[in-house]
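Trainee: I'm new to this one, and I'd like a close look at a single part. Could you take me through helix packing and the charged pairs around it?

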Amino acid sequence: MRGGTLVREARRRAGLTQADLAARTSTTQPAIARLEVGASEPSFRRVSEAVRACGLDLIPVLREADESDWSVATGNLNLTPQQRVENHQRAVRFVQAGREAMHGARS
């Protein structure tokens, strides 16, 4: 995830406007807008400061790469469009059944 995306997400979670965040970080609203759309490449420190100004902490974590999404995508390339649609429909039914079960458990 890019720095600007992190800042935008933090700002939205905090319920702040770009102008609010600009005031908190001693910059301008256009500078925040440029940062969020990726027109500028902020340093990690700048992103951390902006996220902190939203009342959140940015915690970097290193972990083993998870290639499972790539293996699923690669496997889907071997399917026909009809098979992909059928797989998707099965997944939707599975999720719907899970939601119904959760709803029934609460009742």
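Mentor: Let's begin with a term: a salt bridge is a side-chain nitrogen of Lys or Arg within 4 Å of a carboxyl oxygen of Asp or Glu. The side chains of Glu36 and Arg11 make one, at 2.6 Å from N to O. This pair ties together distant parts of the chain, with Glu36 in helix α3 and Arg11 in helix α1, 25 residues apart. Helices here are DSSP runs of H or I with at least four residues, strands are E runs of at least two, and both are numbered from the N terminus. Both Glu36 and Arg11 are buried, where buried means under 20% relative accessible area, exposed means over 50%, and partly exposed lies in between (1.4 Å probe, protein chains only).

Before going further, keep in mind that this is a predicted model, in which local features need pLDDT of at least 70 and side-chain atom pairs count only at pLDDT 80 or more, while totals for chains, interfaces and linings use all residues. Residues are numbered from 1 along each chain as its sequence is written, and side-chain values use heavy atoms, with hydrogens and water left out.

Stay with α1 for a moment. Arg13 and Glu9 also meet through their side chains in a salt bridge, 2.8 Å from N to O. They are 4 residues apart in helix α1, so about one helical turn separates them. Arg13 is exposed, with a relative accessible area of 64%, whereas Glu9 is partly exposed at 37%. As a general point, side chains of opposite charge can pair when their charged atoms come close. Arg12 is found in helix α1 too, and it is exposed, with a relative accessible area of 54%. Arg12 and Cys54 are 42 residues apart in sequence, yet their C-alpha atoms are 8.8 Å apart in space.

In soluble globular proteins, nonpolar side chains tend to be buried together. For a look inside, take Ala50: leaving aside its neighbours within four places in sequence, Ala50 is in contact (heavy atoms within 4.5 Å) with Val7, Leu21 and Thr25.

A search of the whole structure finds 5 salt bridges.

Now step back to the whole chain. The protein has 6 helices and 0 strands. Buried residues make up 19% of its 107 residues. Its C-alpha trace spans about 50 × 40 × 25 Å along the principal axes. Among contacts between residues at least 6 apart in sequence, 52% join residues at least 24 apart.
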